[in-house]
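Below is a briefing on a structure, arranged by topic.

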Amino acid sequence: MKLDSALAKKFYHQMLLIRRFEEKCIEAYSSQKICGFLHLYIGEEAVGVGVLSALSNEDAVVATYREHGQALVKGISAKSVMAELYGKSEGCSRGRGGSMHLYSADKRFYGGNAIVGGGLPFAIGLALADKMIKRNRVTVCIFGDGAVAEGEFHESLNLAALWKLPVLFVCENNLYGMGTALKYAESETNISKKAAAYKISSRQLDGMDVIAVAQAAQEAIKSIKERNGPQFLEALTYRFRAHSMFDAELYRDKSEVEEWKKKDPLITFKNRLKEMDLYSSIPIEEIEREVAKTIEDAVAFAEKGTLEPIEDLEKFVYSVEAT
Amino acid sequence: MSENTTYREAVKRAIHKAMKEDERVFLMGEDVGRYGGSYAVSMGFLEEFGSERIIDTPLCESGFTGAGIGAAVNGMRPIVEIMTINFSFLALDQIINSASKLLYMSGGQFNVPIVIRMATGGGNQLGAQHSHSLEGWYAHVPGLKVLTPATVQDAYDMVGLALDHPDPILIFENSNLYNTKGELDTNATPLPIGKAKIHREGKDLTLLTYGVNLLKALKAHERLAKEGIDVEVIDLRSLRPLDDEAIMASVKKTHRVMIVDEGWKSGSISAEIMARINEQAFYELDAPMVRVCSAEVPFPYAEHLERAAMPQVDEIVAMAHKVMEES
């Protein structure tokens, strides 16, 4: 991967968009414009941006309930994501999904699964169909370290390897499954080793460094598209905020959070750019303004959005042609 | 033109026809290929269609059911065979949290045209973990449709109906039906999903049932006819949706109701049917509704105990007399 100023600008723009979008979400949550669960990606932006940079439009993404960032990067507009969080008709799931269930058929974004591990078998199926239909496209399946303890994780890795499916597994290892540290959940805390046990080519990498993630994802996707079967990336990352919106964070020390904040993906990226003499080519302030405008427009769009009529409550339980 | 054949053969022919006509259709599950299917439904399919379309899976119900759901969303028409309903509990996450909800959660963007078949029912001394009849559980869930073919014709028709359907369909094949014989007309127009079928018209008592208990109900009908009770026997065919219209029409005719269901009573489909009749046709009733269900025990192994735990013809006949004696 060659990082030029255009790509560097894109990475910075996407990571900043996620950061500022979610900061706005916190405000909207405080004023009860957004309700329910709201799981923020702040601190983990480099993973989503880096991995998705390696995809083409026809590749699919299956994500978790912490998926605002990936949804935005896959191309679902900030307007329609924000409208969804506001519960409006104009939202990407017409107000029926909410924060944990963002979808777009056009962008091949398959949610938004709020059952830990539940997205993995589904991703296997997407890839199986692609293989059967002989379409050379990849399904990226993103999940957290918590999912690794689930049976569905092991069933899915086995099936993907056994059937040589075009799946890129991405484990966002943020060290905690909600409030339980990985060391209390796993006998083997090196998750990439578990993938290797299924004969899946796997590696562990710095998930705070968007360049490292993008590089690894690009290599993995290339291998998958050459029909070599699945690949596995374990991105070591950290969630800066609570698990959801309210969380006393009794399970981790403030000092640990502060240590990780030094590796903030935005800071890390700036440092990398400086090392590469690319920093001066990034119009930081201009990007900040662009992002601010995008979010301002998204909020205005969501505010102005309409509510689904109550008469349509039962719409989409079954397909229209079947009812 | 119709012919006499087995229920197993009817399911097999329906899948065979679908595989021939639509290359998107494939069969996936435990032992469907080399073994030929645990109930021999797919015997010979592997040789004919190859291992890409007849897929032997490892023992991972959640994994392969979820894979079927993903494949359905991505352009295929999978038939997932779960060896028995007992094992489907391991796939509940995928069936309930994914298949049934995806269309709704996505605001209408992703329908899931999957067919999930499984054997169900007790009566073979297989013990408590292999004798469940919990079709009614699945009927609780919006987004799913639950079919219970009882006849050879339905065993054939329902596979095709389900594959033509845009949403997830569960087909429950009672294992005691596979060897039963009946008439099959492969050119007949199938009765649609959600329509009940009156197998015997009667004026005294409405007997509502589904699956293998249709056979017991028909035997009870014969005996009761000789004893002067004219029973209307209705095969529900589909537990979700229920054919309220057909049920209420019969209640309005006979004014007495018995439900025969191999499920347990508590929180069951029989309870649901009673509630609907109560809501929609209460004043038509001349007597309290009754039901013959399985005893509220895990199914026992010993033959006499298992027999006592399940609905039997004698009990249906006795219950019919009881409900007719109510003034």
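Two residues are in contact if their C-beta atoms, placed from the backbone, lie within 7 Å. Axes are lines fitted to C-alpha atoms, for helices over the stretch in contact, and angles run from 0 to 180 degrees between N-to-C directions. Helices (H or I, at least four residues) and strands (E, at least two) are DSSP runs, numbered from the N terminus.

This is a predicted model, in which local features need pLDDT of at least 70, side-chain atom pairs count only at pLDDT 80 or more, and totals for chains, interfaces and linings use all residues. Residues are numbered from 1 along each chain as its sequence is written, while chains are lettered from A and ligands numbered from 1 in the order in which they are written.

**Confidence**
- The model has an ipTM of 0.96 and a pTM of 0.96.

**Sheet of chain A**
- An open sheet in chain A is built from 6 strands in the order β2-β1-β3-β4-β8-β7, with parallel pairing; two strands pair if DSSP finds at least two bridges between them.
- β2 (109-113) and β7 (201-206) of chain A are the edge strands, each with a single partner, so one side of each has no neighbour in the sheet.
- On average, neighbouring strands of this sheet are turned by 15° against each other, direction ignored.
- β1 (residues 60-64) of chain A pairs with β2(A) in the parallel sense over 3 bridges, and A:V61 stands opposite A:F109 in β2(A).

**Helices on the sheet**
- Helix α5 (residues 119-133) of chain A packs on the sheet and touches β1, β2, β3 (139-144) and β4 (167-173) of chain A. The direction of α5 makes about 175° with that of β3(A).
- Helix α8 (residues 210-225) of chain A lies across β4, β7 and β8 (231-236) of chain A, at about 170° to β8(A).

**Domains of chain B**
- An automatic or database domain assignment divides chain B into domain 1 (2-185) and domain 2 (197-325).
- The C-alpha centres of domain 1 and domain 2 of chain B are 26 Å apart.
- In chain B, 23 residues of domain 1 are in contact with 21 residues of domain 2.
- On the domain 1 side, α7 (135-138), β6 (145-147) and β7 (169-174) of chain B each give two or more residues, and β6(B) gives the most, with 3 residues.

**Contact between the chains**
- Chain B and chain A each give 33 residues to the contact.
- On the chain B side, α3 (61-73), α5 (92-99) and α6 (102-105) of chain B give two or more residues each; α3(B) has the largest share, 9 residues.
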